[in-house]
Amino acid sequence: MTTNETSAAKDASISNIQAFNEQDVIIKGWLHNKRSSGNIHFLLVRDGSGTIQCIVEKKKVPENVFKIFDELTQESSLIVTGKVRKEPRSPIGYEISVSNIEIVHIAQPFPITPKEHGTAFLMDNRHLWLRSSKQRAILKIRHTIVMAIYDYFNSREFVLINTPILTANAVEGTTSLFEVDFFGEKAYLSQSGQLYVEAACMAFKNVYTFGPTFRAEKSKTRKHLNEFWMVEPEMAFGTLDDVFTHEEGLIMHLVNEVLSKNQDDLAVLERNTDVLKKIQPPFPRIAYSDAIVTLQKKGSPIKWGDDLGADEETLLAQDYDTPLFVHRYPKAMTSFYMVPDPEDDRLTMNVDLLGPEGYGEIIGGGSERISSLELLEQRIEEHKLPRHVFEWYLDLRRYGSVPHCGFGMGLERAVAWLSGASHVRETIPFPRMYYRLTP
Ligand code: 4AD
Ligand code: MG
């Protein structure tokens, strides 16, 4: 190696390494693993965009560079210089023939080794666990889904409205509120931005909010987080038909984007992509009342008027390859803002979307919203909600009230389903769950 060769080396990222074939590059990253056959050392280096094998041959590098191998520990940070060359046996088709290694930091013994670890241990080390290939694959799928959500609504002229996190109102029941002291006044972390997008849709017609939402549920299921992200569109003059259309449209866009942009990540996760490729519109629709009959035929003890639990959702959805719409639930179990079914006053004009493969409710809250002032006042009273904090919300029914509709999709549930993750805790970088506030 001459000084000239090194100075000609270009900064490269592993994901784009094919553009540098036969050229000298600089890779900045971390050591994932190492092995040696004596005169040849093999370093598996990860730079955030990918992982590449770097070959250090005794006869090609100065002795001090060759010896660096002995010092390197798992997750040590380093800067590697070398020539990119084709290697048919490599999963990415290339490797690097090393000319120089610069140590940035020698890592202490890394807690997460290639052996199996328990979930509690991994969750305690979430800040380090993020570096593992499966966790990175899931979070890259999350990235695609987040971008695809913005893309879906932006390209349909929905205006993004950022709704507040500190609020005075409950949206989805008063039992799951996180209370905070707001200068001596009671405030809550937002359960949903819905009431605010309802206000905004009267200004812009079609809007959406997308941000963190909070539920103080002490549940320990694989579908519940205390802090999760939700996208909530709201459409002035919209009806339940628009809800069906956009739920289906959004889901199809997400499926297609993940299939086209995350092939490598899906492979790392060993996700069965055939089941994702089978997802085609239109998604089947079943009325709640018919769903109860179907469930009873399948042996479930459920009765009309009972809510669908996780088991019932799985039982219902298992007949379909695609997500399943369940619509028109009994009023008693739905939110205060939902319009009664004009054909059956016991029911509401609402819909939930259940994912296939047992993933359960992915989209909820889908409904026509009450536009009548009197009916809304009555519903607020029936739900024993504090009227004074809803005055501003009632104003929306005083000044140019129109029928409107919307829904909310839980980001982590969508990521879990599309990536095939078994628990939502792996679908958010730093999950907040019952008894889990760190890291
Ligand atoms: O069904 P939910 O409670 O509906 C609403 O909040 C409506 N206000 C939305 C609207 O119409 N604008 O929640 C919507 C979705 C659920 O279907 C689920 O995907 C997700 O949010 N979700 C959760 N995700 C993770 N952990 C939790 N604890 C969740 N609770 C709801
Ligand atoms: Mg729901």
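This is a predicted model: local features need pLDDT of at least 70, side-chain atom pairs count only at pLDDT 80 or more; totals for chains, interfaces and linings use all residues.

Student: Which angle do helices α5 and α7 make where they pack?

Tutor: Compare the directions of the two axes. Helix α5 covers residues 133-154 and helix α7 covers residues 240-261. They pack at an angle of about 135°, with their axes 9 Å apart.

Student: Which residues of α5 and α7 make the contact?

Tutor: Take one helix at a time. From α5 come I141, T144, I145, A148, I149, D151, Y152 and F153. From α7 come T245, H246, G249, L250, H253, L254, E257, V258 and K261. Sorted by type, the residues of this contact are nine nonpolar, five polar and three charged.

Student: Now the strands. How many bridges join β3 to β4?

Tutor: Look for the bridges and the direction of each strand. Strand β3 (residues 40-46) is joined to β4 by seven bridges, and the two run antiparallel. One pair to find is V45 with its bridge partner I52 in β4. The hairpin of β3 and β4 has four residues between the strands. There, G48 takes a positive phi near 95°.

Student: Which strand is joined to β4 by two bridges?

Tutor: That is strand β6, residues 94-105. β4 and β6 run parallel. Here C54 stands opposite I96 in β6.

Student: Why is β4 said to be largely enclosed?

Tutor: Count its buried residues. Strand β4 spans residues 51-57, and five of its seven residues are buried, so the rest of the structure largely encloses this strand.

Student: Is S99 buried or exposed?

Tutor: Compare its accessibility with the cut-off. Buried means under 20% relative accessible area. S99 has 12% relative accessibility, so this residue counts as buried. You will find S99 in strand β6. As a distance exercise, take S99 and D47, which are 52 residues apart along the chain. Their C-alpha atoms are separated by 18 Å.

Student: In what order do the strands of the open three-stranded sheet lie?

Tutor: Read across the sheet: β8-β10-β9, with antiparallel pairing. The edge strands are β8 (166-167) and β9 (179-182), and each pairs on one side only. Between β9 and β10 (residues 185-189) there are four bridges. Check E179, which stands opposite Y188 in β10.

Note on methods: Residues are numbered from 1 along each chain as its sequence is written. Chains are lettered from A and ligands numbered from 1 in the order in which they are written. Side-chain values use heavy atoms; hydrogens and water are left out. Axes are lines fitted to C-alpha atoms, for helices over the stretch in contact, and angles run from 0 to 180 degrees between N-to-C directions. Contact means heavy atoms within 4.5 Å. Ala, Val, Leu, Ile, Met, Phe, Trp, Tyr, Cys and Pro count as nonpolar, Asp, Glu, Lys and Arg as charged, and the others, Gly among them, as polar. Buried means under 20% relative accessible area, exposed over 50%, partly exposed in between (1.4 Å probe, protein chains only). Two strands pair if DSSP finds at least two bridges between them.
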